[in-house]
Amino acid sequence: RMRRDLGLALLLLLSAAVESNSMSPPGKPVLLGCRSPEKETFTCWWEPGSDGGLPTAHRLYYERERLEGTYECPDYQSAGRNSCFFDKEHTSIWVDYYLTVMASNALGNATSEPFKMDVMEIVKPDALGNVTLLVEEREGSPHLHVRWEPPSNTDTKSGWVTVKYELRVRQDGGNKWTEYTSGTQTHFSLYSISPGVVYTVQVRCRLDHGSWSEWSNSTCVKIPHYNQNERPFWLMVSILSAIPLITAACILVTKRKFVKQYVLPPVPGPKIRDVDAQLLKSGGSEDVDNALMINQSFPPIVAWKDQMEEYLIVTENDDGLPSNSQKRQKSFIIPVGFNLDLENIYCEETTTCQNAWEKKCNEMDRFEVDDTIKPFTSGGYVDIQRRVDNMQGADVKPVDYSRVKEVNGDNILIYEKENVPLESCGYIDVQIRGNIPEDYSRVKKVDSDNVVTLQSRHASVDTSSREKGNHYTGRALQKTRKTNMCTELIESGYVDAIHPSSNTG
Amino acid sequence: MPGNIRSVSFAWMVLVYLLFCSRRASVGAAPICANAQAGCHVLSLANLFDRVIQHSARTHSISNDLHSEFEQYFLPSKNHIGRVSRNCHTSSILTPNGKDNAQRMAREELTEVILKLLVAWRDPLWHFHQNMAHHHDFNNFSSNKALEMSDMVHELRKGVEKVAEKMQVLGIISNTVSSLASPEASLPSDSAEWRLMKDYNLLSCFRRDSNKVQNYLKILKCRIVPEHGC
């Protein structure tokens, strides 16, 4: 019986204990936070504690700075469960609110910790809703225009709040967002987008210095390819225009010889027959001397009939050559790869020639072997003998060398180098290596610095008539600086041609 | 030769003189011209408003930053603040506490409120900057911000005075606005902790007041010259 009583008592105790566990005062609620979407109203939420098994009511009380008394929440409904909504009349900015939530049931109360807040600090706008994307194509490249509406409940017209926006864009598949700031505009344009890619865009906003809203829902768009229609057209155009070009190229290639003839007429060059160009290239000066001296028999000169090429022929005449104290080895013309063809000498009459010239020309019908003729070749050297008028004695004859740069037609271009100092004005003697009498070359043209264009002197080849320069009136040439040619060395002036044998000057 | 030197030196002096003249002219440039005299650089009222609003936004931003920085050093416990109302020295100035109140307020009153607030903060901010300069807890960055804040309030006050002047000239408001005497800031006490708390309190108060000034200016602007950005 004792045991039965004990058991009953235990059971009673247990049931009492069980019953008492399910009923208790409520647990302490926790205030989660508050938020104002437009700086005019605000809402607060709390988390209730355990309810103790009994129906529990929660009440929110607040005190306010500069306001006496404790007040209760004006609206428990509008913002949902466990919330309190403060409308405009009950909202004051820039004042502190002290909020507490009290949970109460039949057995007791529980109060949360006080929560202090100022509406100024809890401003966070609602997420933006209506974000639209528009793809526009301009000049062949697509642009993405993003457009959205400002949050509906904010008052920007009165200047109460200023809304600033931010958006972020992501390409499909990627997980990296690119963020852009839009300021206060409600639209934004993206220019560097690729066709065929899906873009996801989100926008958010904030009021003044408040918190940023949540990101809007994602809006996606796929950029279409734009150039499909135009590409085949341009392809056709390019193919069609390429065909005539190709045919023109083929024609040019097949008829290249003709074209070459037409575009680039052949340049006459002197030729020395029986001279081995290779020998000249490789050999020393002695070998070259020998090579040129070997050939003693020159065919007679015939009057030129054929107008194919012009030549100036030079050779060395050993027979009549006195032992030249001034051995002009240096003056030996060492052209590179030249070929002398003595048969094609001609004499050209120029209208500007004076009588003497013509005379010489006619005398060329009987060309003698001993005559020395001078080919002027590109790369050949001509002595430029400077005749000093006043400064030094007549026997002083510094000889300088200028290199013949180019023989072109009936003109000889002489490029004067530094080694021809022209200190004073006088005559410029062009000394031709050879054995012909002194002759003058008529200066045809003086170029800027160094080029003296001489008229060819084919007609002056004549050993028989050793005519001096008295036929030729040369003008006094004004020489300026040593590196410049005399400025008055102009057309129709004359330059002496001095030969090594005749050491006059 | 001496003639050359003389002419050169004369030309040089003329150049220097011109330079100084232009510099002086530019320094004193852009006064607000009451009667739009010739040669005066006149700024429109909307332009002036935009400038002061930008200024006030920057001021509030700095005060926000400083306040957050202070919270790292001095996090007020709940007991400390509790239910004691904030001890701002500008509490005596009556300010509208909401949008409707601010819109209902007369323009002159609103302008006056703004000016009162700005005048009231000139000295406390200066002292605050001095305190910060002597504390070794805070880095130079904060100290510079405090100085900037103090200067900006000074500039802002001058700007708002100009705006008020222009509005008076244009007849938008009556001539009753004047820089009234502002309530003095309470003197700092000696205790370090009290001073620290005072600084934090001061920053909270100023953060709030700078926000007020910014908002009031924007409301005023959109009421008077609503063309741009309203």
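Biologist: How many residue pairs are in polar contact between chain A and chain B?
Modeller: There are 14, with both residues at pLDDT 80 or more. A polar contact is a pair of N or O atoms within 3.5 Å; within protein, one must be able to donate a hydrogen and the other to accept it, and residues adjacent in sequence count only if both atoms are side-chain atoms. One caveat: this is a predicted model, where local features need pLDDT of at least 70 and side-chain atom pairs count only at pLDDT 80 or more, while totals for chains, interfaces and linings use all residues. Residues are numbered from 1 along each chain as its sequence is written, chains are lettered from A and ligands numbered from 1 in the order in which they are written, and side-chain values use heavy atoms, leaving out hydrogens and water.

Biologist: Which elements give two or more residues to chain A's side?
Modeller: Those are β6 (96-105) and β8 (115-118) of chain A, with strands being DSSP runs of E, at least two residues, and helices runs of H or I, at least four, numbered from the N terminus. β6(A) gives the most, three residues.

Biologist: And how many salt bridges join the two chains?
Modeller: Seven, counting a side-chain nitrogen of Lys or Arg within 4 Å of a carboxyl oxygen of Asp or Glu. One of the salt bridges pairs A:Asp96 with B:Arg208, whose closest N and O atoms are 3.2 Å apart.

Biologist: What about the whole structure, how many over all chains?
Modeller: The search finds 21. Among them is A:Glu214 with A:Lys124, at 2.9 Å from N to O. A:Glu214 sits in the loop between β14 (198-207) and β15 (219-222) of chain A and A:Lys124 in the loop between β8 and β9 (131-138) of chain A, so the pair ties together parts that are 90 residues apart in sequence.

Biologist: Back to the chains: how much area do they bury between them?
Modeller: About 2,500 Å², 45% of it on carbon and sulfur atoms; buried area is the accessible area (1.4 Å probe) lost on putting two parts together, summed over both. A:Trp94, A:Trp160 and A:His209 supply 28% of what chain A buries against chain B, more than any other three residues.

Biologist: How many residues does each chain put into the contact?
Modeller: Chain A puts in 28 and chain B 29, with contact meaning heavy atoms within 4.5 Å.
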